[in-house]
Amino acid sequence: MNSSKFYEALGYEFQDPSLLEQALTHSSFVNEDRKKGISDNERLEFLGDAVFDAVISERLYKDSVRFSEGRLTRIRARVVCERSLAECALKLGVGEHLYLGRGEERSGGRTRQSLIADAMEAIIGAVYLDGGWEAATEFVLRIFDPVIEEARAGRLRMDYKTELQELLQIHGSVEIHYQMDREEGPDHDKVFYMSIWSQGKRLGEGSGKSKKEAEQAAAKQALEQLKANHK
């Protein structure tokens with residue numbers, strides 16, 4: 001996808017194009033090319049995560065008046081997750097326009113689910129800073145409305161974290177905690193090791209090139225063990 005088609009797919013014209021450039025800049029690129037003034041997308045990702053959650057929550061609250069709080073929470077979890085972010089990012093062509101370090105490029109970063117999901121959140125944060133709440137709301141809902149409808153109808157696939165959360169909370173609220181055990185490797189090529197805990201018990205562990213990827217791996221292992229125990 002060329003740049004003009006990418007901008008058309010985004011459907012938002014930035015007043016400050018540097019915000020979009022930052023949203024597409026992975027930390028591996030900054031670490032390998034330390035030019036003055038280049039910033040990665042991690043802070044924008046942090047902001048975009050909160051904006052995304054709030055926009056989806058508001059839409060569900062207004063449009064699903066007969067749904068209970070518990071049902072709204074479950075639907076939101078299916079929308080506000082790594083999988084839906086990554087799938088929408090792939091459709092927009094986000095991966096093709098990322099600024100990546102050479103190591104991340106060689107290891108398939110342009111199609112890595114956790115990486116492009118983070119970039120999607122960063123773009124949401126960039127739109128919010130550039131155009132405010134109304135612009136961010138319009139942007140998110142235009143892209144994610146089909147995902148919301150799939151989730152409301154119960155047709156949306158869950159990622160491992162969401163599936164585990166729903167399985168553990170069948171009989172009521174249960175606290176789930178992800179813990180980073182350690183990280184290894186240089187800044188541009190780190191591997192994170194996470195474990196997942198509930199009610200004082202270690203349910204699973206996993207590793208990945210990002211914390212989110214490691215959390216998904218830990219949730220997958222926990223799911224496999226829980227299902228095996230109930231056979």
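Biologist: Which residue forms a salt bridge with Lys 190?

Modeller: This is a predicted model, where local features need pLDDT of at least 70, side-chain atom pairs count only at pLDDT 80 or more, and totals for chains, interfaces and linings use all residues. Residues are numbered from 1 along each chain as its sequence is written, and side-chain values use heavy atoms, with hydrogens and water left out. A salt bridge is a side-chain nitrogen of Lys or Arg within 4 Å of a carboxyl oxygen of Asp or Glu. Here the closest N and O atoms are 3.0 Å apart, and the partner of Lys 190 is Glu 183.

Biologist: Is Lys 190 buried or exposed?

Modeller: Buried means under 20% relative accessible area, exposed over 50%, and partly exposed in between (1.4 Å probe, protein chains only). Lys 190 has a relative accessible area of 18%, so Lys 190 is buried.

Biologist: How many residues apart in sequence are the parts that Arg 202 and Asp 181 tie together?

Modeller: Their side chains meet in a salt bridge, 3.1 Å from N to O. Arg 202 sits in strand E3 (residues 201–208) and Asp 181 in strand E1 (residues 176–184); strands are DSSP runs of at least two residues, numbered from the N terminus. So the pair ties together parts that are 21 residues apart in sequence.

Biologist: And how many salt bridges does a search of the whole structure find?

Modeller: Some of them join up: Glu 45, Asp 118, Glu 121 and Lys 212 are linked in a network. Glu 149 pairs with Arg 152 too. Searching the whole structure gives 17.

Technical notes:
Helix = DSSP H or I, 4+ residues; strand = E, 2+ residues; numbered from the N terminus.
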